Amino acid sequence: MKAAIVREQGTTPVYGEFAWPAATDGQVLVNVSAAALSQLSKFHSMGMHYSSNLQFPIVAGADGVGRLADGTRVYFAFPIAPYGSLAEQTVVHAHRVIALPDHIDDRIAAAIVNPGMSAWAALVYRAGFQPGQTVLINGATGSSGSLAVQIARYLGAGTIIVTGRDESKLSKLDADAVVAFDMTADGGDRAFADALKPVVAGGVDVVLDYLWGDSAVAIMSSIAQTIEGKVTRFISIGTSAGQEMINLPSTILRGSSIELLGSGGRSVAPAHMLASARSVLELAAQGVIHISIAEYALEEVERAWQAPLTPRPVIRI
């Protein structure tokens, strides 16, 4: 079958031929129609994500959309190695398949679950988010961050603060306050923390952080210096800033009510992840949340792999 194949760890997939999969008990075959590229999917496929434990060569892709033998349209996640979602067909554990709601396009469904699920799981299952609360979204201009804004608004956020590098993109989001930063400038972290202080003075209940790195430390610093006696749940979701390690002074945590949490595949129960995916699909089907996509054919996988993640690259199978 036609597939996108990663031949060695850390390499970009190439278009080629791969053996057809077969299903055993508890597994289902899926005829794939669309699969999106996310940071998770790319790093997992190349064996560079903490969830990866792969023997190469493998078919790339961590999730997608397709049809079962009876024609049921489904979203599926984490096919059984060495198979992935970027192929004509894949094999998946039956409990990792969700029937799609009506009135949602395959390509949109493939694109929206991963980034939307990251926000839903973090807010609902990690933060215990309640209507009327204030949320700060760091890295709000990407697909994940912009969906987080939409989902927070749907869940009844009282105030939404967005931060990121591109002020023009931030200003187009449905947010109540915008704070842009430039971490490459001298003193950029201090300038960002100072600009945040009057914005967060009223309290921040939840921070959704998609960037990590220096901007994350600046946010925690501004909260620690400004807010007293109110818990802020700071939830790390991604590392799009490219910094896995940060320099976090212990005084920030000792001198504040910040609770530092993570949200991902090993910190959210599988059942809650599936419930998050279903909620995101339902909202998308109802037109409540939206995502922009860029389409590619399977044979264009190398070009798609190098494309920005916003708009979300979706590969047609």
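This is a predicted model: local features need pLDDT of at least 70, side-chain atom pairs count only at pLDDT 80 or more; totals for chains, interfaces and linings use all residues.

Biologist: How many aromatic pairs does a search of the whole structure find?
Modeller: The search finds 4. One of them is W120 with Y154. Their ring centres are 6.3 Å apart, and the planes make an angle of 35 degrees. That pair is tilted.

Biologist: Where in the chain do W120 and Y154 sit?
Modeller: W120 is in helix α2, residues 106-126. Y154 is in helix α3, residues 143-154. They are 34 residues apart, so the pair links distant parts of the chain.

Biologist: Is W120 buried or exposed?
Modeller: W120 counts as buried, because its relative accessibility is 10% and the cut-off is under 20%. Y154 is partly exposed, at 44%.

Biologist: Back to α2. At what angle does α2 pack with α8?
Modeller: The angle is about 120 degrees, and the axes are 8 Å apart. That makes α2 oblique to α8. The crossing is right-handed.

Biologist: Which residues make the contact?
Modeller: On α2 they include I112, M117 and W120. On α8, residues 270-285, they include M273, V280 and L283.

Biologist: New topic. What is the strand order in the open sheet?
Modeller: The order is β2-β1-β4, with antiparallel pairing. β2 and β4 stand at the edges. Each has a single partner strand, so one side of each is left without a neighbour in the sheet.

Biologist: How many bridges join β1 to β2?
Modeller: There are 4. A3, for one, has G16 in β2 as its bridge partner.

Key
Residues are numbered from 1 along each chain as its sequence is written. Side-chain values use heavy atoms; hydrogens and water are left out. Rings of Phe, Tyr and Trp (its six-membered ring) pair if their centres lie within 6.5 Å; planes under 30 degrees apart count as stacked, over 60 as edge-to-face and the rest as tilted. Helices (H or I, at least four residues) and strands (E, at least two) are DSSP runs, numbered from the N terminus. Buried means under 20% relative accessible area, exposed over 50%, partly exposed in between (1.4 Å probe, protein chains only). Two strands pair if DSSP finds at least two bridges between them. Axes are lines fitted to C-alpha atoms, for helices over the stretch in contact, and angles run from 0 to 180 degrees between N-to-C directions. Angles under 35 degrees count as roughly parallel, over 145 as roughly antiparallel, 65 to 115 as roughly perpendicular and the rest as oblique. A crossing is left-handed if the near helix is turned anticlockwise from the far one by less than a right angle, and right-handed if clockwise. Contact means heavy atoms within 4.5 Å.
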